[in-house]
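I opened this notebook page to look up the salt bridges in one structure. The entries below follow the order in which I went through them.

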Amino acid sequence: DEADKRLCEIDALGDYAAPIPALGAGLVTGFFCLLFGGSWNDAVVAGLIGLSMGRITSWFAQMRLSGFFINIAGGCFAALVALAAVSAGAASHLDTVIIGAIMLLVPGVMIVNAIRDTIAGDLVAGVARGAEAFISAAGISIGVGVMLKLWDLAGGAL
């Protein structure tokens, strides 16, 4: 009873205030950019992309848009802003900025759960979760790839 009461109290606290998740998204993407070899300028750009993308994806989720399409839109947004920043000279490594920014969308928990279910012997659940993670990752790569191709077709330098 005591644990249930405590869990209800925690649940009543609600979500974090709006700036906290956005700030966390910005920090995560910036630090992932540094982790993958980006410069500090690249990290700032990736952080700003993450800050914006966190808000955009949560807005799309409130509209009940499919996770697959949210990942496509997030990948497109990350690639577009990274391309614009590199073209403007605000960042120097396109690859690290994009990689850092899309790490916010990567389905890491889904992959871990798929592996956990498979190891536990729940093969159907493991395969289903693995397929869901693969489809999410495919959405991210489709979004980034489409934007890179559109940028190239528009005459932008890669």
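Predicted model: local features only at pLDDT ≥ 70, side-chain atom pairs only at ≥ 80, totals over all residues.

Entry 1. I began with the total. The count comes to three salt bridges.

Entry 2. I looked up the pair E9 and R6. Their side chains form a salt bridge, with an N to O distance of 3.2 Å. Both residues belong to helix α1 (residues 2-12), and because they are three residues apart there, about one helical turn separates them. I then checked accessibility: E9 is partly exposed at 39% relative accessibility, and R6 is partly exposed at 47%.

Entry 3. I turned to R116 and D117. A salt bridge joins their side chains at 3.3 Å, N to O. R116 has a relative accessible area of 45% and is therefore partly exposed. D117, at 7% relative accessibility, falls under the 20% cut-off and so counts as buried.

Entry 4. I next asked which helices hold R129 and D117. The side chains of R129 and D117 meet in a salt bridge of 2.5 Å, N to O. R129 lies in helix α7 (residues 123-153), whereas D117 lies in helix α6 (residues 108-119), so this pair ties together parts that are 12 residues apart in sequence. For R129 I noted a relative accessibility of 34%, which makes this residue partly exposed.

Entry 5. Finally, I considered the last two pairs together. R116, D117 and R129 are linked in a network of salt bridges. D117 takes part in the contact with R116 and in the contact with R129.

Methods
Residues numbered from 1 in each chain as written. Heavy atoms only, no water. Salt bridge = Lys/Arg side-chain N within 4 Å of Asp/Glu carboxyl O. Helix = DSSP H or I, 4+ residues; strand = E, 2+ residues; numbered from the N terminus. Buried < 20%, exposed > 50% of the residue type's maximum accessible area, 1.4 Å probe, protein only.
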